[in-house]
Amino acid sequence: LDAAAVQRLDSQGLGYHVASDHTEHFGGVPLRQLVYRVNAMPAALRLYAWDFGKLSEESEAAYIRQIVLKRYGRRLKSLDLSTVLVEAQRWMRSHSDRVPWSVSLRDVERAMLAFDWFLSH
């Protein structure tokens, strides 16, 4: 969150009832400003951790087409919406300030929620 957003939340009392100088910090950032925390994996679970790599662009595009088709069927031009989402994923990965794994199929699901809202309003 940027400083203005944190200031607005502080002034509205939305879960920010403790001053930031009284909370835990990660570097210079108060932990309450982070979206979520990543905890270290316990040593006992490391044997069970797998790195499955990432989907190829073709596989990701196929998953996106299936997500859109399952949700909207033939009601919409599913192929057009799928193409837009595939290109959006590619665009996000190509920008230098983003890391390649900063987008996922969860983002496609979130886009579907937003699209549903626009369809209903």
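1. Order of elements. From the N terminus, the protein runs α-β-β-α-α-α, with four helices and two strands. Helices (H or I, at least four residues) and strands (E, at least two) are DSSP runs numbered from the N terminus. The model is predicted, so local features need pLDDT of at least 70 and side-chain atom pairs count only at pLDDT 80 or more, while totals for chains, interfaces and linings use all residues. Residues are numbered from 1 along each chain as its sequence is written, and side-chain values use heavy atoms, with hydrogens and water left out.

2. Of the 121 residues in the protein, 18% are buried; buried means under 20% relative accessible area, exposed over 50%, and partly exposed in between (1.4 Å probe, protein chains only). Contact means heavy atoms within 4.5 Å. Among contacts between residues at least 6 apart in sequence, 44% join residues at least 24 apart.

3. Nonpolar core. The largest nonpolar core has ten residues: Ala61, Ile64, Ile67, Val68, Tyr72, Leu81, Leu85, Val86, Val108 and Met112. Such a core is a set of buried Ala, Val, Leu, Ile, Met, Phe, Trp, Tyr and Cys residues joined through side-chain atoms within 4.5 Å. The elements giving two or more residues to this core are α2 (57-72), α3 (78-94) and α4 (105-120), and α2 gives the most, with five residues.

4. Gln89. This residue is in helix α3 and counts as buried because its relative accessibility is 4%. Leaving aside neighbours within four places in sequence, Gln89 is in contact with Glu60, Ile64, Val103, Ser104, Leu105, Asp107 and Val108.

5. Aromatic pairs. A search of the whole structure finds two aromatic pairs. Rings of Phe, Tyr and Trp (its six-membered ring) pair if their centres lie within 6.5 Å; planes under 30 degrees apart count as stacked, over 60 as edge-to-face and the rest as tilted. The ring centres of Tyr72 and Phe115 are 5.5 Å apart and their planes are at 80 degrees, so this pair is edge-to-face. Tyr72 in helix α2 and Phe115 in helix α4 are 43 residues apart, and the pair thus links distant parts of the chain. Tyr72 is buried, at 2% relative accessible area, whereas Phe115 is partly exposed at 28%. Trp117 and Phe118 also form an edge-to-face pair, 5.1 Å centre to centre with 85 degrees between the planes. Trp117 is partly exposed at 47%, and Phe118 is exposed at 58%.

6. Leucine in a loop. Leu45 lies in the loop between β2 (29-30) and α2, and counts as partly exposed because its relative accessibility is 46%.
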